[in-house]
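Please study the sequence and the structure shown here. The paragraphs that follow lead through them step by step.

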Amino acid sequence: MKTRSKCYFALGVIAIGFSKSFAQTESPVYLKDRGTGLPTSMFGTYIDKGEFIVYPFYEYYSNKNAEYAPNEFGGVSDADLEGKFTGNEGLLYLGYGISDWLAIEVEAAYISAKMERAANDPEAPNQVIKESGIGDVESQIRWRYNKETRKRPEFFSYFEAVFPFQKDKQLIGTQDWELKLGSGLVKGFTWGTLTFRLAGEYNAAEKIFEPGEYAFEYLKRVSPFFRFYIGIEGTQDEAEFITDLQFYFNENMFLRVNNSFGITPKATDYAPELGVLFKFN
């Protein structure tokens with residue numbers, strides 16, 4: 001009996017210590033899901049002043065109807081065709097909260113991709129094209145205009161630049177500068193937190209400014225150990241349904257399990273993501 005009592009006591013001490021790692025100051029109900037941080041480009045992730053985020057992750061892409069034209073691969077025809085695209089990508093995201101109102105981000109990727117050209121491609125039916133190397137490399141500046149209150153939402157903006165590090169590639173990376181300017185708002189409720197954002201994009205290769213990404217997002221903290229996100233994100237005629245499950249080891253480290261499902265014909269069919277996010281103060 002004494003041995004069993006000692007075991008129960010030890011387990012109780014461990015449980016108390018584990019719970020303390022999640023101890024947080026009491027927050028208003030509208031901040032329960034997200035805390036006081038500024039919204040980042042990572043789904044359901046926020047950053048505070050002086051906080052440094054490191055997020056290494058893996059992403060897979062599968063698209064059975066990836067649109068292309070033969071002249072993109074050295075051919076002549078500019079007719080739209082559909083091939084099969086798959087990709088494996090390792091990425092690293094870094095974020096830093098400069099102040100309560102300003103944050104910066106950098107994200108870089110290494111990708112291996114494959115495209116199987118269409119069977120009805122008149123120039124190279126069923127040809128398989130493979131490329132690997134540096135993927136998208138981008139940076140963002142993000143700022144907010146006000147902090148959320150019980151009645152008023154928080155408004156924020158962001159500017160993104162994608163660097164042209166792969167001018168000679170077709171499947172991977174970015175061939176010319178891509179710039180994005182967007183804004184959004186976020187508001188917390190007792191039943192969850194909603195975010196809406198909208199952006200415009202400038203494509204230097206085509207020299208055009210056009211409507212960019214849009215998103216409707218929902219975030220809910222179920223417990224100190226688990227938070228989930230669902231949302232719809234799109235760009236023009238490409239839209240995806242996204243889920244993001246966050247499992248907390250402690251308040252500064254959590255596992256992210258993300259899945260993206262294409263809901264329009266031109267969107268990527270399926271893109272799962274897995275990684276562990278670390279926060280340093």
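E148 is buried, at a relative accessible area of 6%; here buried means under 20% relative accessible area, exposed over 50%, and partly exposed in between, with a 1.4 Å probe and protein chains only. Salt bridges that share partners also join E160, K180, R197, E213, E217 and E233 into one network. A salt bridge is a side-chain nitrogen of Lys or Arg within 4 Å of a carboxyl oxygen of Asp or Glu. E148 has such a bridge with K187, where the closest N and O atoms are 3.2 Å apart. Because K187 belongs to strand β8 (residues 178–189) and E148 to the loop between β6 and β7, the pair ties together parts that are 39 residues apart in sequence. K187 counts as buried as well, at 10% relative accessibility. Helices (H or I, at least four residues) and strands (E, at least two) are DSSP runs, numbered from the N terminus.

The model is predicted: local features need pLDDT of at least 70, side-chain atom pairs count only at pLDDT 80 or more, and totals for chains, interfaces and linings use all residues. Residues are numbered from 1 along each chain as its sequence is written, and side-chain values use heavy atoms, with hydrogens and water left out.

The protein chain contains one helix and 14 strands. Along the principal axes, its C-alpha atoms fill a box of roughly 80 × 50 × 30 Å. Of its 281 residues, 42% count as buried. Among contacts between residues at least 6 apart in sequence, 53% join residues at least 24 apart, where contact means heavy atoms within 4.5 Å.

How many salt bridges does a search of the whole structure find? The search finds 16. One of them pairs R34 with E154, whose closest N and O atoms are 2.9 Å apart. This pair links distant parts of the chain, since R34 is in the loop between α1 (2–20) and β1 (38–39) and E154 is in strand β7 (residues 154–162), 120 residues apart. Both partners are buried: R34 has a relative accessibility of 6%, and E154 has one of 1%.

Another salt bridge joins E51 to K279, with 4.0 Å between the closest N and O atoms. E51 is found in the loop between β2 (46–47) and β3 (52–68), and K279 in strand β14, so that distant parts of the chain, 228 residues apart, are linked. E51 is buried at a relative accessible area of 5%, and K279 is buried at 16%.

E131 counts as buried, with 12% relative accessibility. Leaving aside neighbours within four places in sequence, E131 is in contact with I111, S112, A113, K169, Q170, L171 and I172. From C-alpha to C-alpha, E131 and I172 are 6.9 Å apart in space, although 41 residues separate them in sequence. The E131 side chain also reaches the backbone nitrogen of Q170 at 3.2 Å.

The aromatic rings come next. The structure holds 13 aromatic pairs. Rings of Phe, Tyr and Trp (its six-membered ring) pair if their centres lie within 6.5 Å; planes under 30 degrees apart count as stacked, over 60 as edge-to-face and the rest as tilted. Y55 and F57 form a stacked pair, 4.5 Å from centre to centre and with 10° between the planes. Y55 is buried at 0% relative accessibility, and F57 is buried at 7%. The pair of F163 and F165 is also stacked, because the ring centres are 5.8 Å apart and the planes stand at 15°. F163 is partly exposed, at 24%, and F165 is partly exposed, at 49%. Ring pairs also link Y218, F226, F228 and F247 into a cluster.

A nonpolar surface patch of about 1000 Å² is made by Y145, F155, L185, F196, L198, F216, I230, I232, F241, F261, I263 and Y270. The elements that give two or more residues to this patch are β9 (192–203) and β11 (226–235). Patches are made of residues with over 30% relative accessible area and no salt bridge, with like charges joined within 9 Å and nonpolar side chains (Val, Leu, Ile, Met, Phe, Trp, Tyr) within 5 Å. Y270 is placed in strand β14 (residues 270–280) and is partly exposed, with a relative accessible area of 31%.

Notes: Areas by Shrake-Rupley, 256 points an atom, 1.4 Å probe, with all protein chains shown as cover. Polar contact = N/O pair within 3.5 Å; in protein donor to acceptor, adjacent residues only side chain to side chain.
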